[in-house]
Amino acid sequence: MKPFRSVTARAAVLDRADVDTDQIIPKQFLKRIERTGYGEFLFFDWMKQPDFELLRPEFADAGILLAGRNFGSGSSREHAAWALQEYGFEAVIAPSFGDIFRTNALKIGLAPVVLPEKDVERLMRAVAGGGSLTVDLEAQQVSGPGDLVVPFEFEAFARESLLQGLDDIALALKREEAIAAFEHSHAARVDTSALPV
Amino acid sequence: MTPQTLFDRIWTSHVVVELADEPALLYVDLHLIHEVTSPQAFEGLRLAGRRVRRPDLSVATMDHNVPTEDGPITDPLARRQLDALRENCEEFGVPLYATGSGREGIVHVIGPELGISQPGMTIVCGDSHTSTHGAFGALAFGIGTSEVEHVLATQTLPQRRPKTMRVNFEGELPAGVAAKDMILAAIGQAGVSGGVGYVVEYDGPAIRSLSMESRMTVCNMSIEWGARAGMIAPDETTFAYMEGRPGAPAGADWERALDEWRSLAGDPEATFDKELDVDVTRLAPQVTWGTNPEMVVPVHGEVPDPADYDDPAERAAVERALAYMGLAPRTKIEDIAVDRVFIGSCTNARIEDLRTAAAVVAGKRVHSTVRALVVPGSAGVKRQAEDEGLDKIFTAAGFEWRRAGCSMCLGMNPDILQPGERCASTSNRNFEGRQGQGGRTHLVSPALAAAAALAGHFVDPSAVGDAA
């Protein structure tokens, strides 16, 4: 996974709650068998609406997304996180995230930063007309225009994984002995290879 | 000993490693796989030279982008994805129920049908509606593709322990009101982010009286209010459904399994981080009017007026939803005409759903302006429905009778809405564009969908005799 330590970039404001992953990347783009090729279809339907926030010139080339609560709700499609990252976003800041989206983002090095609603609103106001923010995972803070500094909490293990770009499959495979021991005492519940075909 | 919930018992018995300051490594008893969220995971294994650790705990099917009409797959991208699944399953030894095998179907329909979704298990799938299997008293949840790869390689997943919530459905469900109405009403009450961070246990007398099919409908929509998983303690209804299914234990193993499953229900004195009460005594059939499942009202109600919302953000959201849905404030739900009706999806395409819908349409005709579709949840459901003559009832009424798949729930196959078309749908998501770009989705129960097909507009299914 691509490590994430810090990003300083222009921030875009998408002040809507409950932005679901169907909006982030519609289903017609999920037929690819590759991990790439999704960025150009980010918010495909909304991008066709002239008043869509991300089309504003002040948000061009944004690398940080400020969003409303429950961002990335709905479908488990990791393609949503891939599309955001490929489009150029390195961090998303919101009051809350859909659980699966948050995990997907963490797995690919797209930083999902949770801040209280009032802090997100403060940041949104600060960059509403265009502006840059810094999301610093090491310092656990977002800083912006003037002396604006907002600290954030981040679960320690997830933070470490992001900072180092850890491969958690490799980590789990190091626990082969524990897994094998567990399997020894935990009988398989099913045998799919014995099912009728 | 501390009293335990059903969730506590399953969690505790599946922790492989738990260290301080780290997520627990949780063992996965069953991994379900489909064509859309797996190709990059298999590719990841190949690139890293890893194998599938437990193909015997994995099973794949083709559901999301398979056509439901006879004939070849005309979409080259869909074909490539289905071919990739077949090749990956062959290469890694994963059992596959391919299209045409006679046992294929929506992944959340075939797991229970095969008897491999069992009480006390941990079940994952690269699909958010994996919560469906929680109806059996399993801990079942959706995962992303990176996690699919993790499970393929290790049969485990790093998981932070979620909070727990109990939803008590109090009272007796009125006749003609369905499980779908129960869960839609609960989501309307709690909001689409009300369950975020929680594993939810559904309980109460109204849950206990539900069939397994209906319990699956309730658990299926857990993700629609953000819950990590939804579950229902197993009971005699669960065991009766499971007995004799191909993947269920048999003989002495069955008796042993029953003993184990009977001890799964939570201790009466166990506590949850949160409780939510939903009174179903006066519940009416529900219809969504907006672009997420919390935007829901009873069929006798009306579309809200943005002017009634004080919070500017909420008002803007309602305005946006009404604009997308092409609805004026205060429109009566029963005055809304539908163009399409879709009876299908992992929420409502099991045999009971089809029986309920068929009972409504029997001997009647689909309204002249409506195009209506029934897509059974699996090849097995389709066969059973045909054995019972349900297909004849539907086709005689003017419904199209299709082959199994996810179909118009998400429109990855050719079954999509045209821009502006309005659909009464038994599926789970009314998001913008979900069923086709510009399409307008209203979520309803199978009975209400069937009634709307006959009347040409939303109507209480109990009044369909007058409406049709």
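**Exercise 1.** In which sense do β1(B) and strand β2 (residues 24–27) of chain B pair, and over how many bridges?

*Solution.* The model is predicted. Look at the two strands together. β1(B) and β2(B) run in the antiparallel sense. Their pairing covers 2 bridges. Now take one residue, V15(B). Its bridge partner in β2(B) is L26(B).

**Exercise 2.** What is the strand order of the open sheet of 3 strands in chain B, and which are its edge strands?

*Solution.* Step one: read the order. It is β1-β2-β8 (chain B), and the pairing is antiparallel. Step two: look for strands that pair on one side only. These are β1 (15–17) and β8 (156–159) of chain B, the edge strands. Step three: check the twist. From one strand to the next it averages 40°.

**Exercise 3.** Which strands of chain B does α7(A) touch as it packs on the sheet?

*Solution.* Start from the helix. α7(A) touches β1, β2 and β8 of chain B. Then compare directions. That of α7(A) makes about 150° with that of β1(B).

**Exercise 4.** How many residues of chain A are in contact with chain B, and which helix supplies the largest share of that side?

*Solution.* Count each side. Chain A has 49 residues in contact with 66 residues of chain B. Next, find the helices. At least two residues each come from α1 (21–24), α3 (99–108), α5 (156–164), α6 (168–173) and α7 (176–185) of chain A. The largest share, 6 residues, belongs to α3(A). Last, sort by class. The side of chain A that touches chain B holds 19 nonpolar, 17 charged and 13 polar residues.

Definitions and conventions:
Residues numbered from 1 in each chain as written. Chains lettered and ligands numbered in written order. Predicted model: local features only at pLDDT ≥ 70, side-chain atom pairs only at ≥ 80, totals over all residues. Contact = placed C-beta atoms within 7 Å. Helix = DSSP H or I, 4+ residues; strand = E, 2+ residues; numbered from the N terminus. Nonpolar A, V, L, I, M, F, W, Y, C, P; charged D, E, K, R; others polar. Pairing = 2+ DSSP bridges. Axes fitted to C-alpha atoms, helices over the stretch in contact; angles between N-to-C directions.
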